[in-house]
Amino acid sequence: MSPGDVDSVRAAIAVARRARGAADVPIGAVVFAPDGTELAAAHNAREELGDPTAHAEILALRAAAARFGDGWRLAGCTLAVTVEPCTMCAGALVLARVARVVFGAWEPRTGAVGSLWDVVRDRRLNHRPEVVGGVLAEECSALLAEFFAGQRSPADPSDAW
């Protein structure tokens, strides 16, 4: 983990905090160009948009691809996100050719970048980004805990995100 990784996750946390008060789980993602400049940022918007694919990572990748020079390929780019990506997002990261994935909180129930699955490092795929996990994990986890404390009773752990 580098100081740049910490700064990247801090940027994702700031984006996640913008979602406070919304019905969506506060997960933030930021895509950085190879030179470190911010290309795009997004937070979860499934409820807001009525779109099951409107995860922070997907929305940030779409916006970054629209700005970055090589069409849909995000070669050399880094995606920072507050929570370990799910299978859909991990697959999108591979397909977009993202060079690095940096995330905060581990997600043992749905994580696909090392917890439950490890989609991004599957040797059968043609691209495998570098992964740095657990960056500012406690701070990222606290965002989720705060959100879910206000959403559900402790007896209803279903449908986390």
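**Group meeting: the sheet, its helices and the cores**

Strands here are DSSP runs of E, at least two residues, and helices are runs of H or I, at least four, numbered from the N terminus. Two strands count as paired if DSSP finds at least two bridges between them. Within this pair, Val31 has Ala40 in E2 as its bridge partner.

Quick caveats: this is a predicted model, with local features needing pLDDT of at least 70 and side-chain atom pairs counting only at pLDDT 80 or more, while totals for chains, interfaces and linings use all residues. Numbering starts from 1 along each chain as its sequence is written, and side-chain values use heavy atoms, leaving out hydrogens and water.

Now the whole sheet: it's open, 5 strands, ordered E2-E1-E3-E4-E5, with mixed pairing. E2 (38–43) and E5 (130–132) are at the edges with a single partner strand each, so one side of each has no neighbour in the sheet.

What lies across it? Helix H3, residues 56–67, lies across E1, E2 and E3, at about 150 degrees to E2. Contact means heavy atoms within 4.5 Å, and angles go from 0 to 180 degrees between N-to-C directions, using axes fitted to C-alpha atoms, for helices over the stretch in contact.

Finally, the largest nonpolar core has 48 residues, and Ile27, Val31, Leu61, Leu74, Leu79 and Val98 touch the most other members. H3 gives the largest share, 6 residues. Such a core is a set of buried Ala, Val, Leu, Ile, Met, Phe, Trp, Tyr and Cys residues joined through side-chain atoms within 4.5 Å, buried being under 20% relative accessible area with a 1.4 Å probe, protein chains only.

Conventions
Buried means under 20% relative accessible area, exposed over 50%, partly exposed in between (1.4 Å probe, protein chains only).
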